[in-house]
Structures are given as C-alpha cells and as structure tokens.
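Keep the structure open as you read.

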Amino acid sequence: MADLVVLDRRLIARGAERSSMMRFMLWLLPWVALLALGIYAAGLCFYYGLNQTHMDNRFAFGMWIYLDLGMIALGAGAFFTGFLVYLLKQEDLKPILNNAVVVGLICYSGAVAVLMVDVGQPLRAWFTFWHPNTHSMLTEVTFCITCYLGVLVLEYLPVLLRNRQLRKVPSFLIFEHQLHKLVPVLAGVGAFLSFFHQGSLGGLYGVLRGRPFAFRQGLAIWPSTFFLFILSAMAVGPSFLILVTATVETLTGRRLVAAGVFGRLAFISGILLSIYMAAKALDTLVWLNITSPAVGFSPWDFYAYKPFGSALLFLEILPLGLLPAFLLTLPWTNGKRGWVLCGAALACGGVLLNRFVLTVQTLALPTLPFDDYLQYVPSWQEVATFAAVIAYGVIFYSLSYRYLPLFGEAKGADKNVSVG
Amino acid sequence: MKFSRRDWLVGSAGALAGLVLTPVPWKLLSDVSIWTQNFPWIPQPAHGPVETQFSACTLCDAGCGVRVRMAAKIPVGVAGASRHPLTRGALCPLAFAAHQLNWHPRRLREVRHKGRVASWTEAQAAFQKACGEGPIGIIDGRPGRAASSVYEAFARKQHGSYPPLLSAERQALEPYAEWSQVPVASLGYDLENARTIVSFGAPLLDGWGIPGRFTRLWSERAAGAADPGLRLIQIEPSLSRTAARAWRWIPIREGSEAPLAAGVGRVLLDERRVDSRGPMPPFTLEEAAAATGLAAEAIRDLALKMVENRPVVVITAEGNPAIAALNVLLGAVGAPGGIVLKRDDAPSPAPVEPVSGPLRAVLMDSTVPWEFAASSGAEVFRFAAWDGGGSSTGWLLPAPGFLEELTDVPTPPTSARETYALAQNLVAPSTEVRGAAQFLLQIDPTLPAVEKIIQARCEQIFRARQGTVYGERSIDVAKLDSVEHFEEQLRKGAVWMGDPPKHSKFRCELKEWPGANRVGRAANWVAGWDPPVLPALATKLYRESNLREPPAGRQG
Amino acid sequence: MSVRYGMVIDLDRCTGCGTCMVACAAENNVPPAPARATARTGLTPMLVRKVSNRMEGAARREAFIPIACMQCGKDTPCVSVCPQQAVEVDKATGIVVQMPQRCLGCRYCMTACPYHARYFNWWDPAWPAGMEKSLNPGVAVRMRGVVEKCNMCPARLHSAQEKAAAAGKREIDPADYIPACAEACPTGAIQFGNLADRNDPVYSAAHSPDAFRFLARLGTEPKVYYQSREAWVKALAERDSEHATEAQHG
Amino acid sequence: MRRNLFIFGFGMALAIFAGWTAFPRALYVRREQPLEFRHQTHSAKSGLAQCDSCHVLGNDGQFSGMPANDVCAGCHSEKVGTSAAEARLVDGYLKPAVATPWLVYSRQPANVWFSHAIHIRRAGLACKDCHGNLGESDQQRLYEQNRISGYSRDIWGHSMSRLGRAPGDGMTMSDCEDCHRRRHVEVGCLGCHQ
C-alpha cells in the first residue's frame, strides 16, 4: 500500500494538486464495481448469445445502437475542436483540446466495444474489411470509426507521454515531439473521417426505404439525415465538452479553463445548433409533405401511437433545439455560466432525443398495415453492459486527469481539493 | 557476449517483422475464418444416397398417402403423395414433420411397469398370468386392420372382450347406422357429389376426416368464389378457421346446435320444402330463435339456403341424433351427395359378445387415444410409441413409431368408397419395440400372423376383381394378372380404391324427433391426430407464431 | 432467357392451417423453438399471419396471410445495407440470397426489411438427441447469431439443376423445382413460377385484376404477389388506404 | 548500432525459418486411413481402369463419392489375399455392413454445394482436372487434418505459399473462383453454397 502511494505521487505531475490516494480509490471503487458487473453481463451475451437481451426479430436494434449513436454524437467535440484549433486556427480553444481528445477517445472506444457485443458473430466482424459492400452505410461507419479511433489514439499519445515518469525516457520525448508536429495533420484527417462517419451514422437510417418513418430523400448519394447528423454532432460536441469540463471543475473545485473559453464554445455550439434546427425543420417539412406520402404512408399516422406523439417532434425542435440555440448565442445569456450550462445540457438532450427517435421509434412503428406497434424494454444485461461503458469512461477520464496534464499544468487554484 | 533486455526487445521486434514474411499470420487468419463459418458443434446432416419411397401415414385413421424422402436409409422429409385418390397430395401440417417423431424426447424406449423400467419377458409373464386368471379386454383404436383381427381372434379364444372404440367421425355416423340397420363401418359421406355442405361445428377445413380430401374439394369448387359450386355453411359459436373460409358463417350460442336443427326442421316441414312426412321437431321457430340467439328470419333463411342448392348434407363434429335427424329430413341419407354406403354389405362375423363380469386385464393397442382410460380394477397393458405422460399405472410397452412396422390401412371412416393400403416398415427401430399383435402372437403362436391376414385381404380384394390401384399409374384390379402383383403394388405405396357399390339405396326413417345427446370427443387440436405428442417443429405453429392455440392434451 | 422466380398467393384459398410453415422448416433444417422462444424471437422463414377486419360478432372477417421474403427486385432494401455482402440478388434467378456463413449478425438488414421477413438465430441450433439424423442433407444448418430468411429452397433448385445436367440439359424442368411451401399447400393457394415467362401460370395470375403486392408503393418491386376478391383484404395492401387506416384507429 | 541491426536480423531470420518449416508441421495432424488402399492396384491389376467403375455418377445427378460397401463387396465378398487390411475390410466393414469411415481428402465444408454432374456432364471436366492423378497413385496418400478448420490439407494445397500447384492440389473457394473466371462461368453465392 505504502509504495503504491509513493508510485501514485511519482506519477502525478509536479506542482499539480491532486486528492489523496485513498480518496481517489474510494471515488473509483463504485465505478470499478459497475465495470465488473457490465463485463459479466457482456460475458453472458458472448457465452449464451443475444437471447440474453430483449431484442427480437422486429426490434433488431435496441438500446445499444441508440446509445452508440448518442455517444458518438457527443464525442464529436474531439474532432471538431481539433478542426477549429488547427485548421481554423482558433488558438484560444487550445486549452480545451487535450480534454476533448480524451472525451472523444472514451466515447468512440466505448461505442466500438458495445458494438462488438451487439453483433451475433463478433469473430466474423472483420469480414467487413475483407468483403466490404461499398454501398452500405454501415461499411462507411465501420471503416471511418475504426480509422478515427486509431487517429484518436495517436492524438492521445502525446498527452500520455507528457506524464511525469514517461517524460524521463528520452526516446519517448523525441517521439512525442515528432507526434506533436503531426498533430495538425491528424486533426485534419480526424476531421475528415469524422465528417464521414457522423454522416453515415445518419445515413444508416435515412437510407431505409423500407422504414418510411426514417427514410429521407437524398442529396447526391446521401440522404438528408447524413448532413443533419454532421451538423448536429458539430453543434453538440462543444456543448458536451462544456458540460464535462464544468462537471470536472465542480468535482475538483478548480477553474480549469479560462473564463472566455466556455463562451466561445457556447457561441459556436449555438450558431451551429440554429443552423441545424433550420435545416432539420426544412427536412421535416419535406418529409411530411413529399417523402412519406409518396410511399403510401400518411406521416401523421406515425404519431398516432402513444407515448410517441407528435409532441416528441416539437419537443425536439423547440425546447431542446431553438431554446438552447438562443441561450448559447444571445450575448446576455452567453456570458452567464449558469445559462450556458443549461443551454449546453438542453442541446445535448435534444440530440440524444433525436437519436432515440431515429433508432427506437423507427423500429417500434409498424410498416405493414396489419402490423402492431411494438414495445421493447432492454434486459438487465443490456443495461449493465452499457453502464460498464460509462464506468469505463469515468475511470479512464479520472486516471487521465490525475496523471496527465489535461488542462496544461493546473497552477495555483484553491486548495480544497476533492476527488479526481 | 551477454544479452541485455534491450537486445531481447530488438530481437523480438525482428522476429515479429519476420513472421509477416511467413505463412503464419495469413494461414492462421484463413483457417480461423473457415472455422468461424463452420463451427464443429453445429449439427451436420447425415450424407448418403437419396431415394424416394411411397407409403401411408399411420398417425391417424385417415391414412393419407405420403412420399418419404430418404437419405442413407433415414427419412429426411415427408410430403403428400399426389397419386392418392382421396388426399391427392394434401396432408395436415403435422405430417410434414412426422419423420422426426421417432426421435421425440418422449419416445417410449423401454418397457415400464408402474413407472419403473422393466423387460419384455416380465411383461409377457405378467400378461400370461393375467390370461390364466380371468377375462382379458382388448381395446383397439382403429378397428378393421390386420392387427385388429389378431385381437379379435385372441379375444374369442380367451373369452375376453373386444369392444369397438369409435373415432369422433365414426360416432357422428352412429345415428344413421342405428336408424337404417346398416353397420356404421359401411357408411360414409359422399362429399364429392354434394353441392351444399352444412357443418355444425365440424372442423372441415382443419383436419376433419381425411384432411386432404375436403380441402382439395373445397379449393377446387368453392375457394374464393362469390357463388361457389360447393356451398359450405359453417354453424359455430366462434370464428374458426373453417368458419373464416366458409361461404356463410352462422354464429350461434354455445351448445344451441340442436335447437337450431329443430328450428330449421320446423321451417322445412311447415313450408313443405321437403317431401317427407318426418316427425315434427319439439321446438317452434321462435323457441329455436330464442335458444340460438339468431333472428327467426335468419333461421328461415338458413333453412331455405339448405334446400336451394342440392344435394345437401349436414355434418356434425360429434355424434348428435338431434342434428343427424336433419339429414333424414333432407333425404340426404342413402342418396348421392349425402350419406352413402361405401360397399355392398359383406356379412361381418358376429361381434365378440361382451364379458359380463369385471375384466382381469386390459390390453391397449398403440392407436388408442392417450386420454382413453380403461375400466378400473383391470391391470393395464398399454402399447404406445410415445409417452403422453401422467400414466404410472400398469404396463407401458414401447410400440413401433412412424413407419417402423408393416401395417395395413383400411378405409377411413368418412370415405365414401372402400380403400386399402399398406404402410411399409421403412425405418429400422432404434430400440426394441413390439406391436400389440406381435406381442400376442408370441404368447399364442396359433393366432393368424399379420402378414398372412394382409395377404388374405389382398387375395379377397383381388378375387372380387373390382376397384382400381393408384400407384405410379392407376390400374384397374381387373387388369392385374396376379394377386402377388397386386400386393407388390400396395407394398410399393399404391392405394386400392373400390368402385361405388351396385345398389347404394337404403331406407332410413325416424319414429319421432330424437333428443339431443352428444357422444364422442370433440375435435382435437388438429382433429384426428392420434399420437400423444406433436412433432418438434409444431412449435412453429403455436409458439413461434400466433397462428394456433397451444396443444390441448398434446405434448409438444 | 432470364428467369425471375416469384409467387402468387391466393389469400381466399389460405385456410391458415400452417402446413407451409412446417414444410418450410423441415425442408430448410430450421430448428424447433427452444423453451424461451416466443412469436417475436422465432425462426419462421415462412410465417402465416392472422388478420381481421377488426370488427366483432357476426360482422367479423378473418384472413390468413403467408409471409415469406418478398424477393424485392428493385433497390432491394436488405442488399444495399449489408456491410459485408452476405446478401445478393442472384443474377440468374432473381432470388434474394442470404448467406448466413458470411453474415456477422449486425441485423441491419432486419431493420431495413419492411416485411419483417428476416429472422435472427437468437439461440444455438439444437434438436432433441438423435433427431439431427433426420435433417435434410442438402441444407447447411445455420449457427447462432446470424440472420436467415427464405432463399426459395435452394436445395431443391440444386437437385433440379443436377438432374438437368445429368440428362445433358441446360434448363431445369420446372416441375423439378417447387419450394416446399408451394408444394405442401393443401389448397394450392401458393403458386410458384417464373414471372419473366409469359406462358407461366404465375405470370397471368400476377397480372390479374385481383392481384396486388404489399407496400408496393415503396417501389421495391417484390416478386411475391397476393390476390383476393375481398375488398377489406385488398385494402391491407397499402398503409394509407382509407380502410386500413380506419381499421387502425377504429 | 550495428549490433542492434545484427540482432534484429537474427530474430527475423529465425522467425522466417520457423514459420516456413515448423509451423506447417504444427498446424496439421496426421491421421491414418481405416484401410490401406491403393488406386493403382485396383486400376491396373483388377482392370477397374475407369474412375466411374467405383465412383458412380447416377442418372439423377447423384454422385456416389466414396463407393458404398456393396460396390467393394462386388469383388471382396470373401477375402482376396491375406493382408491385414483385407481382413479388416471384409470382417470389420463388409460383413457387419458398417460403412468404411474413409477420411476424404476433398471433403468440403457443410455450406458448400458441389455437383459432379454439372462439372462432368455439362462442363466436360475430367476427374484429374480437380483430383489430379489420384487415380494412378500406388501409395496411399497421407491424410493431414488442419487442427483449426478440421479439413484436409488438400483443400489449402500442399505448398504453404500456394505457388506452383498441380491440379488437385488446392480446393479453396478462390481455386473454384479462378477456374470459373478462366472459363467465364459466372455464378452467384447460390451456385456453390447451400
């Protein structure tokens, strides 16, 4: 135990204030427990098969796909901030960058992990690379996400190598230095890849002509949802970063980023959100009046099934769309931390709702005239498996925060250190 | 020189680089991918020469013609034999998975006594002992087979009893037999010539009688037509499969069939729609209406529909004189398109007179419905291929399963013509099984052997020189050169069907309108399905879809 | 001459006996349901569904609709979505082919199918001890975790082709290739044939005034047609036909 | 630096050597055929010159594959000669009517459908086009089974590199595809899979 404490101390950056080893352990404990439970649940799915879930032939996708889509949307902050900093030269956002990379890495690796449990024959998943079907949105997703995950790892390395102990290895220092030169390139590549898979995730449902509730007309070879997803991801990425950072700040009781940063992020987020909302409104109108009727489905029937009334649609556009857009952009709210956080939260909620509607509601709705509306409640294995990903995220973030300079060296700051 | 840790790292790095230039990663990847596409634990079908055999289904008394696909001498598929003159290639859903029944988890594999495993010798000894001590009763689920005559002969010799056990369809014909003094085995429905069929709850499209026979008729002459050549009127409280497809569905109150029949009879007589001076039904039209929940006008309309498009025949699910009386009123008994004689009556041997006192033991043939309970007190020797469960009394003796023994298939109860076919033992039983007849023959070798009886029956049919054999081609018996040839045809899965009898007319009249008394068991999950178990694949029908109700009294 | 296999199913003839379902399962080595399986997790490449005009009492009408893969001929929804080419439209026959051994079990194709005619192997395939001896040697058993559907009894097509080749012929004898469901149907409600051949009975049946296809307006050109003379049954073809919508809300 | 280079190269050479020699031995397990059978003995001595005198292609298109017992019994109803294998054949398999459990060199996975009728009658292929000169072999070939996939080594072919293979040496999916491509015969998945 004693030398463990010593090791812990050695790993923490000089001058950085961190809570005691014991407190840190206590903080991690529940998350580790959750992680263990989830790994057990996933094990059940691997051993007995997916009959451990409550998915079925009509609800072929369940909460896993929904939350994957959600996580990847929220994780978009990583590529987008990189894009802003390195390609659009928004240097003032640099302090948030490492943080963004970690968040992105967590979201993406977590999503991929869950996907591996979700498929029936994970051992054959690699066939996609060997016999890819270039027409499939899922192929696009698979390729881009795997590549981008690699990019994120590369982006994470320099942060990792700046750990106090690792710095001591000279070759690492050189390596890190080289990587650093590379980072702008990586950011570029990352941005490119992300644009695509965010889009193709939207396409995933937009192309389903057999599901008129999700099917959308195409621009070029992509359905409109392709672009809506890119927009929405870009819009909420920064918002989610704000939320994460703010949370960490409250937990650690430190100011981690300069006051201006939140405002900038919020403003960008808000602007994009309003553009997204405009686009979405337009898209919805087209769908209501042209796309859906054309294939013999009167769109309002989709909303005839409770609890998914048309209220859901307006909820997404007004209180979870336009409202946060205003809160994040308008000068008299943009300045105030409380309003910004509230706006960011609403924005994230809006996108999560959007992903929910597209995945879960689409499958619940009947297609054949004699089909019925379906209910689906995930099994504990599904919930636990996903909870494990959250736990993994928290643990990963905590460790990164404790031992790596996520926000540059956190100088001074008040001493009442809590967790982290 | 000494190796440092660093050297090891460099060396392994080189090794890794080297491996890429060897087959190791690539071949392993390829093999693993093949493995993941053909996991060794996935069941593998057996391979071997594929051939086709024809036979008869022995799972109920309909005896439909089946075409069995065999691979490596094991049945791997069952389909209908289109050569069969009555079923014409149609089968009930369960028959298509019948070839899997022999491996059913409930297949009876060893002799059991009071639930404990015993041996054939013990069973034999016990039965012989019983024979010495008192009269034996033999229950036969399907009279008229070669095995049946073995039972009868044994019962005679032992002064035991051999009471006839009649299927639901046969019991439905009982009243006419009673009123006309014609043996019930000689009666049948002439559906082929009927133009209106009025069913009082009989599942005509759901396994009634010979399942394929009526469905084929219906699909040719009725299905989908607004004014069909064959009108099917279904009288039933609930919208059954048959009701859903009938020309008219008439929903009535549960159990009000008899009053309705009486009401219809009233209308027909009052309005002189029938030229018979039959007895007046005890109900007025209004009473009938009140009982059935139909409007009086609706009942009248039904009565008129019945006589609008003749010949008409009324069919009931179980035996019920009060409804059967309608057929007499309509003149449908002994007339074409109604209830007809299926053969010129051959003098049948006097039935074994029933035993007065209690029976010492009862032997049950494997065709006896599992629900059937023997008279109390007697020691039970029940033959069965499958264990229906819940029976720990007496002896349970493993009988041959699907297509595991040679047996003959006599005329099914509802048929309008006599038929005869053989079911070959295409499959070698996996365990030591014995049929009841075989069991009796081992006890008393002087009894006639099943093979011999079958030959005799063939001889008899061949001598009569009438009827046709439906094999690869259909040949008139008169054109066959020898009885051996005839028998060979049957052994190859051909079916013999007799010509219509020369004088089919017979008189049938009523003294007074009979009271209602239902007899016989109502149609089961799939009517007529005798085994106590269902094929494993039946789960498709009642668990993996919402198509049917879960089996009643049948083990899935 | 190009072949386009298809079916015409006469709903007025379907008595809902379920023979096609059992025959299909036996032909294609579909395992029986494990204890926990339900109507929503079953394996029924051919599934007969019971529908009604949603009225009660004497006015109630019911019909039975056999649903198998509709073999969509245009923009086949399941083909374009599969990430690793486990689904294809066979050039020679027009059959939409699912290759379970290539499938990774992502189930994207199932969400894409408007007819819910694709099924996932939620359990390991299992038969009571010894019963695997009675499996059809012409069909490979699928493993757990893959999607399967009606491939129009390829084993029967194969033996027909083999027979033709042995006789030195190029074209198969149509009488040699009939899917299990069509062969088994006791009322002849399921007609199978070549829709590209004007002399084939299914061609005229598919073009009869009573013929229709479900959700035809999705534009996927299914090769499975239905026919009925009853208005309320025909009204089930499209979702927005007023009868259908009235049936939902009524 | 040079030392590192040397060590690196050494490790590399070692791996390459092992990968090409030890690996194939480790990957396959050698298995004995139930009987010692020589094609040449049968073709030359017993005048069964043609493959189809034992491996029959029926008129319905069915291919017998490994000859059934009664085919062997045609000559071996009683022991011919005194070899142990002969005794095993007659007493062990023919008399008790037990099918000889041959290990089939060209056995394909369960999901593969291959029709001899189509390849012989329609495409006019000769047996040796796929099976090589198996028919003339005067030795019983060694049967090597892949530990992972469980299939015969003949499917991948004898050379690990799959270079310069004779016909019959290699029966993988890509081999089928190559031949089909060369002959411009296009088939979909259904063409070869079941």
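Q: Leaving aside neighbours within four places in sequence, which residues is D:Glu36 in contact with?
A: This is a predicted model. In it, D:Glu36 is in contact with D:Ala85 and D:Gln140. The label "contact" requires C-beta atoms within 7 Å.

Q: Why is D:Glu36 called partly exposed?
A: D:Glu36 has 15 other C-beta atoms within 10 Å. Buried needs 20 or more, and exposed needs 12 or fewer. The count of 15 falls in between, so D:Glu36 is partly exposed.

Q: Where in chain D does D:Glu36 lie?
A: D:Glu36 sits in a loop of chain D, between β1 (28–31) and α2 (39–45).

Q: How far apart are the C-alpha atoms of D:Glu36 and D:Met173?
A: They are separated by 30 Å. Along the chain, the two residues are 137 residues apart.

Q: What makes up domain 2 of chain B?
A: The domain assignment gives domain 2 of chain B as 112–164 + 359–441 + 484–497. Domain 3 of chain B is 168–345 + 505–524. The C-alpha centres of these two domains lie 34 Å apart. Their contact takes 9 residues from domain 2 of chain B and 13 residues from domain 3 of chain B.

Q: How many residues does the contact between chain B and chain C take from each chain?
A: The contact takes 48 residues from chain B and 49 residues from chain C. On the chain B side, β3 (74–80), α6 (211–221), α7 (241–245) and α15 (539–542) each supply at least two residues. By class, that side has 27 nonpolar, 13 polar and 8 charged residues.

Methods. Residues are numbered from 1 along each chain as its sequence is written. Chains are lettered from A and ligands numbered from 1 in the order in which they are written. This is a predicted model: local features need pLDDT of at least 70, side-chain atom pairs count only at pLDDT 80 or more; totals for chains, interfaces and linings use all residues. Domain bounds come from an automatic or database domain assignment. Two residues are in contact if their C-beta atoms, placed from the backbone, lie within 7 Å. Helices (H or I, at least four residues) and strands (E, at least two) are DSSP runs, numbered from the N terminus. Ala, Val, Leu, Ile, Met, Phe, Trp, Tyr, Cys and Pro count as nonpolar, Asp, Glu, Lys and Arg as charged, and the others, Gly among them, as polar.
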